[in-house]
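User: Hi! I'm new to this one and would like a friendly tour. Could you take a look with me?

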Amino acid sequence: MYINWQLRELNLKIVYYGPALSGKTTNLEQIYNRVPADRRSELISLKTHEDRTLFFDFLQLELGKINGLTPKLHLYTVPGQTYYEASRKLVLRRADGVVFVADSDPARVRDNLESWRNMQAHLKEFGTSLDSIALVVQFNKQDLPGALAPTVYAPLMGLHHYPVIKAIAIQRIGVFETLKAITQRVIANVQRHAAPSGTLDQKHQPLETPYNTPARTGRMQP
Amino acid sequence: MQPNPSGPARLRSGLILYPSQNHAIDVALSELIEQLPARYVLLTDVSGQVIISRGHHTGLDPVPLASLVAGDLAANQEIARLLGEYRPSQLTLREGDTAHTFTVEAGAYLALLVQIDSHVPLGWARIMVLQCAQKLAQIVETPPPETQHRSSTSDSAEHRLLTGGDDLSDLFGNALDELWNQS
């Protein structure tokens with residue numbers, strides 16, 4: 001997070017993390033295609049010749065004035081392939097919030113788990129824990145035959161403590177809900193840390209959106 | 001949150017710049033541009049968020065450039081660490097036909113990119129860029145006058161802007177709704 005009080009700017013960094021080919025870049029592409037050009041930057045993609053993310057994708061969104069502040073969201077993706085471990089860690093550095101994009105393909109449960117643990121380890125290295133960072137889980141590719149049901153797999157994978165959102169990013173389904181949920185959680189975190197201790201905690205319980213589940217039950221809306 | 005007497009004004013892991021620091025940064029970069037001379041200067045925080053850009057570069061959007069500068073810096077730092085040759089304020093140089101470009105970390109929170117014409121001596125430029133980077137680091141790592149007379153940052157109008165009154169989460173949600181539904 002970077003705040004410039006002279007310019008009244010609040011800059012937040014949100015990272016889309018997850019296994020290879022889970023749809024992290026697709027999320028950013030869909031946001032880029034939807035948001036008017038005067039409210040976003042160009043989409044920067046550092047890709048290999050095979051069109052796979054090499055280092056990161058980047059997109060900035062500018063929101064309208066809020067409380068006299070101009071908030072800017074900096075969205076990054078990490079490269080998903082195991083090979084790019086070092087790059088992934090660098091992109092995650094100083095993130096204010098993380099969207100974990102899980103692949104709903106039943107064959108990829110292990111990849112999801114590996115990526116989740118990998119993210120947890122990196123956060124720990126930065127002195128951050130899963131409890132202290134704003135986090136949202138997106139189960140993408142829900143249109144696949146036999147797609148993982150988040151109600152079943154989120155608890156199995158230990159993800160049920162976080163807002164879970166079903167998505168088909170390629171069809172833009174769940175993309176905005178994910179962006180909104182992570183942004184609101186980041187802001188709740190900012191307020192919690194800026195407030196005298198305890199004053200805001202009760203107001204900012206885990207979010208409920210039409211696409212996510214009350215965090216403690218693991219239930220999802222259809 | 002208490003002011004941090006030994007470091008920059010920070011909110012959790014982030015960086016907060018006050019107007020006096022903004023002004024000091026502006027002065028430092030203006031001097032650099034004039035003395036080198038530099039064509040273009042871009043200062044970002046280490047997560048890639050633009051702090052200021054100065055000079056002329058037709059059609060260049062500093063926002064994506066800043067994300068690349070931060071990524072470049074992070075990658076170079078990691079390369080140096082893996083090779084066992086990391087130390088603070090290491091410069092990288094890209095030589096071009098008509099211009100050369102330096103990138104350097106300016107303390108723990110900032111990254112600086114400086115582009116100079118190719119006729120400017122590289123040794124001179126290297127010294128000036130490093131000096132400027134040190135000055136910038138000092139500016140953000142010294143508590144600004146705005147915070148020195150407060151018992152805590154919760155006294156500040158800025159702080160109240162973030163915490164008081166309306167529920168910011170809802171306001172951000174509404175702003176995102178508006179952004180998404182514009183097109």
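This is a predicted model: local features need pLDDT of at least 70, side-chain atom pairs count only at pLDDT 80 or more; totals for chains, interfaces and linings use all residues.

User: Is A:K141 buried or exposed, and why?

Analyst: A:K141 counts as buried because 23 other C-beta atoms lie within 10 Å, and the cut-off for buried is 20 or more.

User: Which residue of chain B has a positive phi although it is not a glycine?

Analyst: That would be B:S89, with a phi of about 60°. B:S89 is in the loop between α2 and β4 of chain B. B:S89 counts as partly exposed, because it has 14 C-beta neighbours inside 10 Å.

User: While we're on chain B, which peptide bond is cis?

Analyst: The one from B:L36 to B:P37 is cis, with omega near -5°. You'll find B:P37 in the loop between α1 and β2 of chain B. In general, most peptide bonds are trans.

User: New topic: how many strands form the open sheet in chain B, and in what order?

Analyst: The open sheet in chain B has 5 strands, in the order β3-β2-β6-β5-β4, and the pairing is antiparallel. The edge strands are β3 (50-55) and β4 (91-95) of chain B, each pairing on one side only. On average, neighbouring strands of this sheet are turned by 10° against each other, direction ignored.

User: How many bridges are there between β2 and β3 of chain B?

Analyst: Strand β2 (residues 38-45) of chain B pairs with β3(B) over 5 bridges, in the antiparallel sense. If you want a spot to look at, B:L43 stands opposite B:I52 in β3(B).

User: What does helix α1 of chain B lie across?

Analyst: Helix α1 (residues 19-35) of chain B lies across β2, β3 and β6 (110-117) of chain B, and runs at about 30° to β3(B). Helix α2 (residues 62-82) of chain B lies across β2, β3, β4, β5 (99-106) and β6 of chain B, running at about 75° to β2(B).

User: OK, over to chain A. How many helices and strands does chain A have?

Analyst: Chain A has 5 helices and 8 strands. Along the sequence, their pattern is β-β-α-β-β-β-α-β-α-β-α-β-α. Of the 222 residues of chain A, 52% count as buried.

User: Which strands pair with β5 of chain A?

Analyst: Among them are β2 and β4 of chain A. Strand β2 (residues 9-17) of chain A pairs with β5(A) in the parallel sense over 8 bridges, and there A:V15 stands opposite A:Y76. Strand β4 (residues 53-62) of chain A pairs with β5(A) in the antiparallel sense over 6 bridges, and A:D57 has A:T77 as its bridge partner. Strand β5 (residues 70-77) of chain A is also mostly covered, with 6 of its 8 residues buried.

User: How many residues of the two chains are in contact?

Analyst: 45 residues of chain B are in contact with 47 residues of chain A. On the chain B side, α6(B) gives the most, with 10 residues. By class, that side has 22 nonpolar, 15 polar and 8 charged residues.

User: What joins β1 of chain A to β1(B)?

Analyst: 3 bridges join strand β1 (residues 2-4) of chain A to β1(B), and the strands run parallel. A:Y2 stands opposite B:L15 there.

User: Last one: which residues have the most contacts inside the largest nonpolar core?

Analyst: They are A:V15, A:F100, B:L110, B:L112 and B:L136, in a core of 107 residues. This core lies between domain 1 (19-145) and domain 2 (150-180) of chain B, because both give residues to it. As for A:F100, the residues it touches include A:Y17, A:W116 and A:L135.

Note on methods. Residues are numbered from 1 along each chain as its sequence is written. Chains are lettered from A and ligands numbered from 1 in the order in which they are written. Two strands pair if DSSP finds at least two bridges between them. Helices (H or I, at least four residues) and strands (E, at least two) are DSSP runs, numbered from the N terminus. Axes are lines fitted to C-alpha atoms, for helices over the stretch in contact, and angles run from 0 to 180 degrees between N-to-C directions. Two residues are in contact if their C-beta atoms, placed from the backbone, lie within 7 Å. A residue is buried if 20 or more other C-beta atoms lie within 10 Å of its own, exposed if 12 or fewer, and partly exposed in between; C-beta atoms are placed from the backbone. Ala, Val, Leu, Ile, Met, Phe, Trp, Tyr, Cys and Pro count as nonpolar, Asp, Glu, Lys and Arg as charged, and the others, Gly among them, as polar. A nonpolar core is a set of buried Ala, Val, Leu, Ile, Met, Phe, Trp, Tyr and Cys residues joined through C-beta atoms within 7 Å. Domain bounds come from an automatic or database domain assignment. Lists of a residue's contacts leave out its neighbours within four places in sequence.
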